[in-house]
Amino acid sequence: MSASTPGFVPLEFQRLSSDEMLARAERFDAQIQRRRTVRHFTDEPVPMEVLDACIRSAGSAPSGAHKQPWTFVIVTDPEVKSKIREAAEEEERENYSGRMNPEWIGALEPLGTDDEKPFLEIAPALIVVMRQAWGLGENGRRRQHYYTQESVGIASGFLLTALHLAGLATLTHTPSPMGFLTRILGRPQNEKPFLLIPVGYATEDCAVPDLARKPLDEIRVRV
Ligand code: IYR
């Protein structure tokens, strides 16, 4: 494979010095370490162009056979947000009253979550990440997609990172099962809700759980 191979183009790869690599890696680490999941948002609107730019970044993620099996639905309409809140809380009431076992409920205690989800109405935007389980070809013919969980997971990571670096607060919310989102948003059956991300600004008095990240020595092994 070379740049003269049909279908291939030269890569713009920038080789950096070790010092520069470390400086960039540490700078990024310091920025991303400040990201926290936020559950208390103001209702202040966010610039749509910022969301668009972040979604463009998410869409640059690698994907199985480059099928790009994702759709990002931006919801700002208060009526749609209310419908989503109502349906999500219905599921969560069941989750908290028995669908999650005692160990699970206990694991959530430090987070202080419950079945009330006011942020679904208060946050100015919800980004619903949809996983395209299959593609739609001509006449609605099913086209295979590959490694969709991995692909959409990576794209969601890009999205959360981009939103954080742009100065926005996010929450990774999974009010499972999430099938209601396909219905409320009027999306086709090949799109499966993957993640519901409220986006906005944290309130002035927003507090977050006092959590520690596992130290490097615990998450990295060298073999
Ligand atoms: N979906 C529920 C419960 C929940 C589950 C996990 I795992 C979390 O990390 C947080 C919450 C809720 O949103 O409350």
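In the predicted model, a polar side-chain atom of H173 sits 3.3 Å from an oxygen atom of the ligand, a polar contact being a pair of N or O atoms within 3.5 Å; within protein, one atom must be able to donate a hydrogen and the other to accept it, and residues adjacent in sequence count only if both atoms are side-chain atoms. An N or O atom in the side chain of Y96 is 2.5 Å from an oxygen atom of the ligand. On the nitrogen side, a polar side-chain atom of E92 lies 2.8 Å from a nitrogen atom of the ligand. Of the 380 Å² of accessible area that the ligand has on its own, the protein covers 71%; accessible areas come from the Shrake-Rupley method with a 1.4 Å probe, and for residues only the protein chains shown count as cover. The residues around the ligand are E92, Y96, M100, W104, L108, L111, T113, D114, K117, H173 and T174, where a residue qualifies if one of its heavy atoms lies within 4 Å of the molecule.

Residues are numbered from 1 along each chain as its sequence is written, and side-chain values use heavy atoms, with hydrogens and water left out. As this is a predicted model, local features need pLDDT of at least 70 and side-chain atom pairs count only at pLDDT 80 or more, whereas totals for chains, interfaces and linings use all residues.

Turning to the overall fold, the chain holds eight helices and six strands, which are DSSP runs numbered from the N terminus (helices: H or I, at least four residues; strands: E, at least two). Their order from the N terminus is α-α-β-α-α-α-β-β-β-α-β-α-β-α. The C-alpha trace spans about 60 × 50 × 40 Å along its principal axes.

Helix α2 (residues 48-58) packs with helix α6 (residues 148-165) at an angle of about 145 degrees, their axes 8 Å apart; axes are lines fitted to C-alpha atoms, for helices over the stretch in contact, and angles run from 0 to 180 degrees between N-to-C directions. On the α2 side, L51, C54, I55, S57 and A58 make the contact, and on the α6 side A155, F158, L159, A162 and L163, with contact meaning heavy atoms within 4.5 Å.

Two backbone details complete the picture. S176 and P177 are joined by a cis peptide bond, with omega about -5 degrees, and P177 lies in the loop between β5 (169-170) and α7 (179-184). Q68, a residue other than glycine, has a positive phi near 50 degrees; Q68 is placed in the loop between α2 and β1 (70-75).
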